[in-house]
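With the structure open in your viewer, please follow the stops below in order, making each selection before reading on.

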Amino acid sequence: MVNTERDIIPSQVKPYHYDLHLTPDLQKHVFSGRVWIHFDVHEATNSVSVNAHELKLLKAGLMGEKGGEMRKAKETKYDRKKQVLETVFEEKIEKGAKGVLYFEFEGILNDKMAGFYRSAYTDENGAKKFMAVTQFEATDARRAFPCFDEPALKATFSITMQVEKEITALSNMNVTEMNDVGEGKVDVVFAKTPVMSTYLVAFAAGEFDFTETETKEGVKVRVYTLKGQKELGRFALDVGAKTLSYFTEYFDMPYPLPKLDMIAIPDFAAGAMENWGLVTFRSIYLLFDEEKSSLRAKQNVAYVVGHELAHQWFGNLVTMDWWQDLWLNEGFATWVGWLAVDFIFPEWEIWLGFINDEQQRGLALDSLRSSHPIEVPVKNPDEISQIFDAISYSKGASVIRQLVAYLGEEVFKKGIRSYLKKHKFGNAATRDLWKSLEETSGEPVEEMMKFWTRQIGFPLISVREGNKANEILIEQHRYLSTGDVKPVEDKDLWFVPLGISSMPKTTQNSNLLTTKSSIIEISENIENLKFLKLNVNQSGFYRVKYSDSLLEKIKNNFSELSKFDKIGFLADSFALAVSGNISTTKPLSLLNLFSIQDGFIIWSEIAQRIQSVKDLLWQEPESVKSKCNQFIQNLFGSIYDKLGFEFNKSDDDLTILLRNLAISMAGKAGHPEIVEKSKIGFNKFINGDESALHPSIIGSVFSIVVKFGSVVEYEQVLKIYKETQIQDRKLAALSALGSPKTEDLLQKTLQFALSDEIRSQDVVYPIGSVAGNPYGRLLAFKFLQDNWDALYKRYYGGSAALLGRIVQACVQDLASDDFIRATEMFFKDKDISSISRFLQQAIEKAKVSAAWLKRDAKAIESCFK
Ligand SMILES: [Zn+2]
């Protein structure tokens, strides 16, 4: 059970301004600082508590608002567990007064990617260098300076950084003064920020290059990179400027700061962080080489930039009250991030991609008992850090999309605008958003949405013919991928927008199902319909099960479904097979209904689903695995036959992506021609002919040649990893190292994963790749256990979520009762406080697969004949 009490600091005083001076030492990896925290007294007190973590306190005192003599603290008490520093004074400070807390402190520029930390890199001349950067969300501003580290305790910040003259210092705001302080150092003074939350404060110091542009509204946008890499920031710069203008219009509110910087950080635990005015990125999500990077990398950059810039309003300007409402930030930024990409790149069919990506990810996690409601009580840093997951992001965005479909986008936009106006520079809770949307739409938004945000899970809607010729019967039950919903778990109801579409007449009705079951009249007799499908355009966050006869109608008229409906129908069918509602033969028999015309995104869904079947069979006899591979070769070989290996200048983006998908899927399954062409292309490529491989297939080719090659190809790919400066290529090479079939190479990859040649943020790539390989899965599982202490030491107390991902990768596909027991035994006496959710979810996924395999192994095999 999660305790609903929050670990928050006492509320006698509230901060309203911070003067913060910091001096990082990039050589010694330490920093010193001074902070003056101006506060109002709400209740008379003789002690003030602030958050602090891993800081050495040198001095603590209290001053009047206008300065004056400093009263030294009588005593300071530190609660390490709660990360709270209490400063006690001789005399009481009276209610209504103002005061200034003063702290002098020192800290370490740590290597844990949390708080104020160091990131290492090799400069243009081959010298090892460091930069100092920050990552404060959720609760790590307290590692950089004592502060009231809660999102609702907003204040203004005046920041000064003292650095060497050749170092560039950046923060949320623009520089107003540079004061020479002697000994080769300068004080860089930044303008005062608007009121904001501590987790959005940021600073960076290092040797940077930048490119810049200005939006049409006059906001200066820059992309900062390492020296010599500024051209790699051009694409993000262009997308950033366009996106900023787009959101200015969409939210009907100017970007609130004078400048926006985006910066690539070599060591970065998350994907990116929306710090107001100084957005930080993992390099792979900001840097893009027009000539040499893959299209996938380009799409990722576009999306991540869109997502982070959406936060400048949604999250930064209006902030959640407490982390329980994290989804308000993340669900919304995710939805609106896709919106921005669609605006700039309409040719990418991005909303179809949303179904395949975001919506399915949300449904998959929310199908587990170990999921959680979108609005989830969290009390402390361990709990807070574990809800940055597919529920807050993907389910959050999906239920927003569902609401947008129901209300209409214009009405929704109006509501959002009014919400932002009402709460700007303040905090808000979920209810406040619903209120604004209710005012603009006249609909009972909260009444509808509470089912989706306060309850765990989502419904499975089953539909069959009723007693009358024009009636259908609809029921809703909780869906679990374990397929064993107990009566007590099936008490919840959802308000479900049914979105019924039927052919030949399309009666798109947005009726809400508000009861456990219902009889619905259709304007036509069912037998006259070509088909009847629920959840039109897949706008609802639920799954649907049809009666056999309704299912046949859909199959017989499949080509008339929209792409959205095709992808949803396919995904639902596979999910129902996983949970045992139907046999896996049913979704597998659907696959011959698809053709090349369905395009990349639908084929991505097919690829993911068939991959999950392939993953399931990892312990089956070679004969079964080889039949599965043959099936995949045939399926994706048919696409490859039409598109070929070579690229044409006239290819559009989705064709490029589809060709790569076909090469990757069929090639890894052993398609002889693709394997051969991959080897030839790879050889030319490593001999200096870059044009032999299109950037978008390089990753697939690396994996194919490592899988079907020898130690020679393995070493060549390893060399590429070590030498290339192109981020997506580097990571593609790293992942490919998990593809071999032989134990010695797989062990080599696992050992390499913990070497100092791989950044902590990237360790999951090789380990996850070995775990994803049927020949490596057990090795990865054993490696996790053998190296637990080293992994724990590296990630705990900093970026435990990265360890959570490694654990998930090693456990979730085990699909065997014995290994699940072994996992539970292993973790029994381990400290899993910061990864408990990740572990639970991975174990549950493994259980789901084990049950699926037991039930359907034979049926699956019969489909591969
Ligand atoms: Zn975000």
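## A residue in helix α2

Begin by selecting E308, which is found in helix α2, the helix made of residues 295-311. Bear in mind throughout that this is a predicted model. In UniProt, an unreviewed entry lists E308 under "active site".

Is E308 buried or exposed? Its relative accessibility is 5%, and because buried means under 20% relative accessible area, E308 counts as buried. To see what surrounds E308, show A272, M273, E274, V279 and F281, which are its contacts once the neighbours within four places in sequence are left aside.

## The annotated domain

Next, select residues 235-452, the span to which the unreviewed UniProt entry gives the annotation "domain: Peptidase M1 membrane alanine aminopeptidase".

## Where two helices cross

Now select helix α1, residues 234-250, together with helix α3, residues 326-344, which pack at an angle of about 115° with their axes 10 Å apart. Since angles of 65 to 115 degrees count as roughly perpendicular, α1 and α3 are described as roughly perpendicular to each other, and their crossing is right-handed.

Which residues make the contact? From α1, show V239, K242, T243, Y246, F247 and Y250, and from α3, show W335, V336, L339, A340, F343 and I344. Coloured by class, the contact of α1 with α3 comprises 10 nonpolar residues, 1 polar residue and 1 charged residue.

Technical notes: Residues are numbered from 1 along each chain as its sequence is written. This is a predicted model: local features need pLDDT of at least 70, side-chain atom pairs count only at pLDDT 80 or more; totals for chains, interfaces and linings use all residues. Side-chain values use heavy atoms; hydrogens and water are left out. Axes are lines fitted to C-alpha atoms, for helices over the stretch in contact, and angles run from 0 to 180 degrees between N-to-C directions. Helices (H or I, at least four residues) and strands (E, at least two) are DSSP runs, numbered from the N terminus. Angles under 35 degrees count as roughly parallel, over 145 as roughly antiparallel, 65 to 115 as roughly perpendicular and the rest as oblique. A crossing is left-handed if the near helix is turned anticlockwise from the far one by less than a right angle, and right-handed if clockwise. Contact means heavy atoms within 4.5 Å. Ala, Val, Leu, Ile, Met, Phe, Trp, Tyr, Cys and Pro count as nonpolar, Asp, Glu, Lys and Arg as charged, and the others, Gly among them, as polar. UniProt positions are given in the numbering used here, feature names are shortened, and annotations may be inferred rather than shown by experiment. Buried means under 20% relative accessible area, exposed over 50%, partly exposed in between (1.4 Å probe, protein chains only).
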